[in-house]
2 protein chains.
Amino acid sequence: SGGTMASESEAQRALQYEQTLMYGRYTQDLGTFAKDEAARLRLQEGDTPRSRRPSELLEYSQGRCAPCRVCALQCQRFLISKVGEDWVFLILLGLVMALVSWAMDFAIATCLQAQKWMYGGLDTNVLLQYMAWVTYPTVLITFSAGFTQILAPQAVGSGIPEMKTILRGVVLKEYLTLKTFVAKVIGLTCALGSGMPLGKEGPFVHIASMCAALLSRFLSLFGGFYENEARNIEMLAAACAVGVGCCFAAPIGGVLFSIEVTSTFFAVRNYWRGFFAATFSAFIFRVLAVWNKDEETITALFKTRFRLDFPFDLQELPAFAVIGIASGFGGALFVYLNRKIVQFMRRQKTINRFLMKKRLLFPALVTLIISTLTFPPGFGQFMAGQLTQKDTLVTLFDNQTWAKQGISDEFEYLGILEAWHHPRSNVFVTLVVFILMKFWMSALATTIPVPCGAFMPVFVIGAAFGRLVGESMAAWFPDGIHTDSNIYRIVPGGYAVVGAAALSGAVTHTVSTAVIVFELTGQISHILPVMIAVILANAVAQSLQPSLYDSIIRIKKLPYLPELGWGHHEKYNVRVEDIMVRDIRYVTLNCKYRDLQQVLHSTKMKNLPLVESAESMILLGSIERTQVGALLSSQLSPQRRLMTLRQKVLSEDGHRLSDSSIRFQISTETSSGTPARPALRKPLKPALKRVPSSPPDSPPSGSTDHTGIALKSLFCANAATEPTEAQGTAYHKAKRVRISIVEEMILGDKMTPAEILEWEEQQLDQLVDFSSAKIDPAPFQLVEHTSLHKTHTIFSLLGLDHAFVTSIGRLVGMVSLKELRKAIEGSLTGKGVKVRPPLASFRDSTASTTEADTTALRQLWDRHQHHHMPREAGPGGDDDDDTPK
Amino acid sequence: SGGTMASESEAQRALQYEQTLMYGRYTQDLGTFAKDEAARLRLQEGDTPRSRRPSELLEYSQGRCAPCRVCALQCQRFLISKVGEDWVFLILLGLVMALVSWAMDFAIATCLQAQKWMYGGLDTNVLLQYMAWVTYPTVLITFSAGFTQILAPQAVGSGIPEMKTILRGVVLKEYLTLKTFVAKVIGLTCALGSGMPLGKEGPFVHIASMCAALLSRFLSLFGGFYENEARNIEMLAAACAVGVGCCFAAPIGGVLFSIEVTSTFFAVRNYWRGFFAATFSAFIFRVLAVWNKDEETITALFKTRFRLDFPFDLQELPAFAVIGIASGFGGALFVYLNRKIVQFMRRQKTINRFLMKKRLLFPALVTLIISTLTFPPGFGQFMAGQLTQKDTLVTLFDNQTWAKQGISDEFEYLGILEAWHHPRSNVFVTLVVFILMKFWMSALATTIPVPCGAFMPVFVIGAAFGRLVGESMAAWFPDGIHTDSNIYRIVPGGYAVVGAAALSGAVTHTVSTAVIVFELTGQISHILPVMIAVILANAVAQSLQPSLYDSIIRIKKLPYLPELGWGHHEKYNVRVEDIMVRDIRYVTLNCKYRDLQQVLHSTKMKNLPLVESAESMILLGSIERTQVGALLSSQLSPQRRLMTLRQKVLSEDGHRLSDSSIRFQISTETSSGTPARPALRKPLKPALKRVPSSPPDSPPSGSTDHTGIALKSLFCANAATEPTEAQGTAYHKAKRVRISIVEEMILGDKMTPAEILEWEEQQLDQLVDFSSAKIDPAPFQLVEHTSLHKTHTIFSLLGLDHAFVTSIGRLVGMVSLKELRKAIEGSLTGKGVKVRPPLASFRDSTASTTEADTTALRQLWDRHQHHHMPREAGPGGDDDDDTPK
């Protein structure tokens with residue numbers, strides 16, 4: 001703050017009118033002021049050389065260029081202050097994603113065109129044609145699979161399950177990196193360019209999220225506002241909406257779909273972000289199409305032209321309801337089939353082993369089978385095999401009735417519609433074959449390890465099913481059902497729209513597919529049939545199977561909290577005391593290091609409760625397992641041992657060093673930590689923010705009885721961990737001291753193993769000094785009679801991992817995600833991924849210990865334990881940190 | 001549970017095949033089982049006489065009717081188990097609301113028809129015509145105002161602000177009752193039937209919520225699932241969606257609008273409820289129109305017929321953006337104007353006093369002015385005064401261009417379009433006059449104390465403004481902007497749609513008006529212009545003014561938490577320690593009654609923290625103020641005094657009663673509480689659920705030193721407050737004892753005032769026994785460095801009222817809604833309404849102390865304090881509870 005003031009006055013000297021600006025700022029609202037201030041600070045940090053040379057600036061200001069420079073400075077300042085704004089970020093995100101989406105669509109279209117061209121050019125020889133038809137997608141898919149495998153295996157699949165988990169607050173490593181972004185974009189382009197029944201939506205949610213994460217990191221180079229974690233989560237949520245929005249040019253549906261798919265609780269204040277970014281993105285996406293002369297103006301992606309005045313008859317509603325219910329069963333079947341295929345591939349050990357060796361064989365094989373079956377001159381002629389996904393949708397949403405009773409022969413299948421027409425069969429057969437074949441093909445294709453989604457294939461199948469029902473209705477009632485004056489024929493295209501929305505809604509368990517359908521087709525006239533069908537489909541599908549994304553989450557064993565589901569009233573009756581773990585390990589305030597060791601041995605809990613004493617059991621806070629490990633390893637560290645040794649030697653040497661000096665060395669040693677965990681100190685901030693400026697007062701760790709002191713220091717200070725400005729010099733001193741210790745260490749360990757053992761046993765009997773440990777001072781607490789429903793709500797709302805159950809301050813148990821999950825659904829376990837709650841992290845405003853630290857610590861601790869165990873039986877190896885003997 | 005088993009076995013005896021059912025049930029999922037079980041219990045409760053006479057049932061089962069009876073029983077059981085389902089509730093809600101909406105629309109249309117008919121019939125005399133035109137609405141509005149005033153003043157206004165507050169967790173009395181429902185429905189019908197510029201949407205949200213609350217109460221007669229508070233809140237959220245959905249036949253827009261307007265955090269699991277109910281409701285609403293032959297089939301409410309192939313040109317987008325920005329300013333102005341009118345009416349004391357006396361004068365006056373100005377032969381001819389709101393919208397969304405350059409004269413205004421045509425002026429003038437007049441009229445009309453909303457008037461103004469811009473564009477570019485082969489004329493109706501969405505979005509601060517517009521018009525082709533305009537309007541309006549609903553919340557001083565707003569980054573930098581109250585009163589575990597008295601005197605906090613001791617400050621829990629008052633008043637109660645007296649007399653009488661017997665009496669007296677608060681015992685459940693079954697062990701409150709006992713009893717039991725089955729007999733005994741005490745009391749108080757004072761002083765020096773107090777064992781805790789942003793999130797998420805700030809178990813401060821609100825926006829206070837958090841109430845699973853209890857207690861306490869204060873100076877009155885002397 002002092003430095004800021006100084007540089008501010010320098011700036012004022014340079015720009016004379018700054019004073020008034022400063023004055024005026026306080027009348028502005030706080031937000032603007034804070035932003036300006038932060039931008040100013042940022043600027044000054046970036047411009048340190050210049051601000052350190054005010055004379056230089058002064059010289060310039062005397063010269064001719066002064067106004068220009070001032071102006072440029074102002075502009076720069078303005079721009080940088082604006083970079084911190086949400087809307088700049090959202091516009092950039094929307095722009096980038098629209099460009100990516102459009103470029104990808106262009107590339108995919110080119111790929112498909114090339115295949116068509118090859119296939120068309122070789123029409124003299126069916127074998128060559130077949131080779132071209134089959135080889136092209138096989139090569140593309142294999143490349144895609146190989147490329148993603150090599151660059152970033154995280155890019156495989158939809159990405160929505162992972163985004164759901166990430167937004168739940170779990171850190172999935174490598175899922176939001178540039179490498180994954182590149183792998184996903186290129187892999188997806190190739191996969192979709194192959195013409196396989198794969199989708200773009202899911203991966204696009206992932207791509208947009210990665211884009212947001214990268215953009216956020218990029219912009220944080222300019223402004224300081226992008227470093228907030230809570231804000232990044234909010235931006236990721238907006239990015240998900242952008243992903244869907246620019247994929248389908250469906251801003252509203254995109255926002256809703258992303259909310260339904262990724263969130264449990266949605267902050268309405270994030271709503272505008274999603275809308276803003278998705279609208280902008282969709283707008284640019286469609287403008288690019290106009291600019292590319294694909295369209296005359298901005299319109300829907302799959303524009304329909306159903307009649308407006310009488311879209312459907314009231315008496316057709318049962319047919320729509322049938323579509324909804326059938327789609328519900330179909331959607332559940334799709335999810336089941338998809339899961340079974342994955343599980344079959346995993347369970348068959350011989351297949352599995354073979355596929356593990358030849359990773360690219362499975363994709364190639366699947367592509368070969370599917371493209372063989374769709375070969376137009378072959379079986380493909382019965383299932384409109386030559387049509388791309390886009391063409392299929394366009395034809396299915398077509399305004400005409402294909403199977404007109406009586407006049408069926410006269411009806412001409414024009415253009416791409418021809419694909420549905422087969423001279424020796426009728427449209428119904430083609431549609432049924434199409435639906436059946438595409439169904440298993442899509443379920444199979446989405447298990448290929450390439451970036452791909454399942455939304456679009458399912459959407460197409462749904463549209464075909466709807467069309468089938470519609471055509472049947474049209475055949476049944478050639479002149480419509482309506483018996484009044486006007487004849488309104490049935491519009492099978494409307495049925496296709498309803499079917500598409502219903503089936504995709506059933507598979508994803510969302511209602512917003514209805515909105516997506518309206519935005520995709522540009523017509524909302526079928527709103528009630530679509531809504532009814534989607535709701536019925538959801539009702540059926542949700543009672544039979546989890547959503548496709550939840551199914552993948554289960555398959556991948558991602559850590560998640562299942563939903564309570566529709567009206568599960570019994571959740572109101574189960575209480576925390578019924579599900580909580582009663583027998584939990586805890587750390588007491590007056591425990592010994594030996595107790596810590598025992599606790600670490602006996603439990604695998606990530607967070608240990610800290611209680612006042614075993615008798616009172618009053619919960620004081622929570623301490624991370626790694627912190628306990630660090631405390632223990634620091635107490636038993638060779639450095640400390642050597643220090644003791646040296647101290648002993650020195651004191652034996654005739655008290656050459658005064659007592660206070662030794663104490664000082666010890667205390668600084670404690671503060672600087674062991675060399676084996678240099679990265680640990682940074683994320684560790686004291687649990688209390690107010691740091692008393694008396695570091696020499698920190699308790700000497702050698703004393704055997706300091707319960708009172710430890711308690712006092714716990715409550716008043718753990719300043720030792722953070723080198724503040726005041727401590728700076730002391731810290732540097734400590735560094736020098738440590739260097740000398742290390743030197744001594746290199747000279748040789750003068751203690752025998754037996755001595756070491758004795759020393760360690762002695763150390764373990766000392767009382768723990770918690771002053772250097774990071775303690776979460778307010779872990780989340782529940783009480784015994786909290787209902788399961790409320791517990792679930794709290795866990796979802798706050799993204800909790802665990803909560804302690806207390807009874808008037810007394811710790812009585814613990815509930816973790818695991819217990820909750822078990823209570824809700826049975827016994828599904830997901831482990832191996834560290835759960836970090838995004839909102840619950842408000843308790844420790846510093847960044848949580850990073851993965852690297854944890855593993856480093858773990859290794860240290862494991863090695864120590866490993867060495868320690870045999871030593872108890874007899875004299876063992878040394879405790880050298882660098883090379884285990 | 002024992003009783004359940006018994007009656008189950010009875011039922012099994014009666015129905016022989018129950019056994020298999022029982023067996024099969026365990027293989028069903030838990031949900032079904034629990035539901036069946038609950039239904040069974042319900043049934044048995046309702047059928048107690050029958051289940052007590054199994055022999056009777058057995059007799060029947062032998063007879064001929066047995067299968068019938070069994071079948072009937074089964075059916076009944078099935079129905080009752082189904083009544084508990086969400087979807088039954090939602091269907092009923094949707095059905096009822098659709099019927100209400102339709103009936104109301106029908107009544108309103110009839111009212112408007114009647115006015116038109118009267119006006120048309122009197123066309124011979126302008127004065128009579130004027131009288132009819134003016135009197136009719138004045139009478140209706142006056143009736144509406146008077147009716148609501150008399151029946152339920154809570155029905156006045158929109159209702160959305162109140163619903164927002166209720167969903168935030170605040171209990172607003174009388175806002176969800178049958179009386180308010182009736183008042184709102186009838187009042188709204190009359191108000192809208194008058195033809196004033198008033199809306200239906202806001203009140204409909206309120207009506208739907210009341211309908212849900214009443215339906216919930218009604219259905220709870222059948223099933224036990226409607227008694228859960230959290231569930232009721234969820235149902236209210238769905239009801240809000242239904243309200244909008246069946247008002248505009250806009251299910252999707254309804255859900256989104258209700259989310260945006262009422263929620264801060266939205267549980268996605270509630271999403272389907274809203275969609276389901278709103279869709280069903282909208283469906284029935286539109287089916288009723290078809291059934292009534294108003295429509296041929298289900299279509300949109302204000303169906304447009306814009307061309308599909310080229311809805312708008314890319315180059316028209318700037319015009320749409322202009323509409324958006326102007327609407328933003330207009331919306332902010334509307335909110336400002338509306339607030340200023342209310343504030344003006346309140347501030348002018350003479351006006352205010354006059355209006356208070358003649359409550360119905362203001363509505364009548366406003367109606368008179370507005371209807372005079374819209375009188376068609378008068379000024380109304382320049383502003384299409386003869387059109388109803390619905391007709392206005394239909395004409396504004398019209399497909400034709402009114403002001404065709406050159407061919408303007410040839411264009412024929414047909415039907416209701418004629419209203420916009422004036423022989424001596426052109427359409428632009430009419431539109432401008434319409435917009436200006438309607439603007440202030442609507443702002444004024446919505447302040448009338450009748451049930452009314454502002455959405456629809458604003459929507460109409462927005463449409464007119466959009467039309468104005470559209471007509472101007474059409475005049476400017478007669479052949480459209482597009483310069484390619486085809487000529488696409490500009491569609492002013494499209495501009496009207498955009499304007500309507502933008503202005504209503506700006507006033508309500510919602511984006512979902514876009515969706516409502518699509519559903520209202522049945523066309524989505526203008527999606528991008530609408531979205532762009534709505535987002536721009538929101539951006540402008542949100543930076544200038546609060547939303548209309550928030551503005552009303554502020555005017556009405558409802559307790560609420562303001563939003564953080566767009567990108568207020570400084571919220572990430574403000575920390576809890578900057579805003580928390582440090583100097584808070586607390587209760588220690590080992591305090592005396594005198595300390596309680598002091599605490600109650602010195603603070604007005606609703607919840608007091610309970611700490612271990614003043615030295616350690618370890619937070620153990622939170623105790624309600626009323627509980628502290630109860631403890632104190634129980635300690636100083638005359639009953640207790642008389643008991644002491646009696647005890648003394650008895651002991652002086654030669655120890656006639658054994659010591660244990662006296663103790664028992666005292667302890668039961670403590671448990672049964674004072675007669676002045678008989679209702680208090682019911683909502684009070686022990687903080688700990690596990691009740692040790694040893695009521696005679698409860699500590700004798702007469703002993704002077706029982707710190708250890710109090711602590712122990714605090715941690716182990718406060719069983720005394722809940723008469724469990726085991727305690728039943730003891731409780732009855734206590735009752736008898738109390739009766740004898742009361743008898744004695746009537747016989748006369750034998751202590752002199754000086755003696756009473758002495759006794760009370762002595763009592764105040766005793767240590768507090770917390771065993772009978774309800775303690776919240778896990779109040780929400782924050783730490784000092786929690787950011788304001790996170791604090792806001794937590795408060796919104798959990799609906800908190802206050803949170804204690806702790807530092808490793810130590811209490812250091814407190815943050816309440818007040819501090820948070822101040823920190824966010826300045827110094828706006830809302831008080832007088834008790835904030836009860838819905839989700840935070842998970843901590844005390846019992847219902848919170850009811851308002852009645854609180855006031856009763858308060859009176860008792862106030863009186864006591866009042867009597868006590870002068871007594872300290874000298875001898876004062878008695879402590880009789882019934883009549884203050």
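Buried, in this briefing, means under 20% relative accessible area, while exposed means over 50% and partly exposed lies in between, all with a 1.4 Å probe and protein chains only. What you're looking at is a predicted model, where local features need pLDDT of at least 70, side-chain atom pairs count only at pLDDT 80 or more, and totals for chains, interfaces and linings use all residues. As for bookkeeping, residues are numbered from 1 along each chain as its sequence is written, chains are lettered from A and ligands numbered from 1 in the order in which they are written, and side-chain values use heavy atoms, with hydrogens and water left out.

**Backbone in chain A**

- Some background first: most residues other than glycine have a negative phi.
- A:Ala384 has a positive phi, near 50°, and isn't a glycine.
- You'll find A:Ala384 in the loop between helix H17 (361-373) and helix H18 (389-396) of chain A; helices here are DSSP runs of H or I with at least four residues, strands are runs of E with at least two, and both are numbered from the N terminus.
- A:His509 is another residue other than glycine with a positive phi, this one near 55°.
- The loop that holds A:His509 runs between helix H21 (492-508) and helix H22 (513-521) of chain A.
- A:His509 is buried too, with a relative accessible area of 16%.

**Domains of chain A**

- Chain A is assigned domain 1 (79-292), domain 2 (314-358 + 375-556) and domain 3 (569-637 + 765-825); the bounds come from an automatic or database domain assignment.
- Between the C-alpha centres of domain 1 and domain 3 of chain A there are 40 Å.

**A sheet in chain B**

- Three strands of chain B make an open sheet with mixed pairing, in the order S6-S7-S8.
- Strand S6 (781-782) and strand S8 (810-816) of chain B are the edges, each pairing on one side only; two strands pair if DSSP finds at least two bridges between them.
- S6(B) runs parallel to its partner, strand S7 (residues 802-807) of chain B, and two bridges link the pair.
- Within S7(B), B:Phe804 is the bridge partner of B:Gln781.

**Cysteines**

- Over all chains, the structure has zero disulfides, a disulfide being a pair of cysteine sulfur atoms within 2.5 Å.
- B:Cys211 has its closest cysteine sulfur in B:Cys246, 9.0 Å away, so the gap is too far for a bond.
- B:Cys211 is buried at 5% relative accessible area, whereas A:Cys71 is partly exposed at 43%.
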